[in-house]
Amino acid sequence: MRPFMQQDAGSMYANWISDPLVQEDYGEPAYRSVAEVEALLEKWTAAYSREDVYRWAIERKDGEGCIGQIAFCSVDTLHHYADIEYCIGAAYQNKGYAGEALEAVIRFTFTATGLQRLQAFHRGRNIGSGRVLRKSSMKYEGTQRQSFYYVDSGEYDDRIHYGIVKGDYSP
């Protein structure tokens, strides 16, 4: 994992951010061109100057470029917690990359920040994300039934919540 760079646009587009199914599970639209991804990266990299922005590119060591991302999608500095999100390209799912990235972010959270809690949820139909969270050191905290609405399809889904607090973390 590392900070995003402008040169990630091509591999992001090829590996995940243009895939409608991956992006639907992630809750974001698929990008239609490398130029759109470049514009997104300009925003992401400019945001690194803020203290509450944490976003990392996930890449394999073999040089295939960016295969996904993991980020704090929100940070509550008053209450010292963050919500985490992640996304992995379809060709790289079910291979442990998301879980490895999540554990690295959990470790980072409790060793390098003042945060006391990290939390995440997955939608009920996103089974792969559920597997990542169940295998992590985060704990299941409950289900909000039918609390997520898919605007495009008009369907509802559950939000299944996980979390970990600093006192429960052991490296």
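**The sheet and its helix**

Mentor: Six strands make up an open sheet of mixed pairing, in the order E1-E2-E3-E4-E6-E5; strands are DSSP runs of E, at least two residues, and helices runs of H or I, at least four, numbered from the N terminus, while two strands pair if DSSP finds at least two bridges between them. This is a predicted model, where local features need pLDDT of at least 70 and side-chain atom pairs count only at pLDDT 80 or more, but totals for chains, interfaces and linings use all residues. Residues are numbered from 1 along each chain as its sequence is written, and side-chain values use heavy atoms, with hydrogens and water left out.

Trainee: Which strands stand at the edges?
Mentor: E1 (55-59) and E5 (139-150) do, each with a single partner strand, so one side of each has no neighbour in the sheet.

Trainee: And how many bridges join E1 to E2?
Mentor: Five, with E1 and E2 (residues 66-76) running antiparallel; Arg55 stands opposite Ala71 in E2.

Trainee: New topic: what does H4 touch?
Mentor: Helix H4 (residues 97-112) packs on the sheet and touches E1, E2, E3 (81-88), E4 (117-123) and E6 (155-165), contact meaning heavy atoms within 4.5 Å.

Trainee: Is E4 mostly covered or exposed?
Mentor: Mostly covered, as five of the seven residues of E4 are buried, that is, under 20% relative accessible area with a 1.4 Å probe, protein chains only.

Trainee: How do E3 and E4 pair?
Mentor: In the parallel sense, over three bridges, and Tyr81 has Arg117 in E4 as its bridge partner.

Definitions and conventions. Axes fitted to C-alpha atoms, helices over the stretch in contact; angles between N-to-C directions. Buried < 20%, exposed > 50% of the residue type's maximum accessible area, 1.4 Å probe, protein only.
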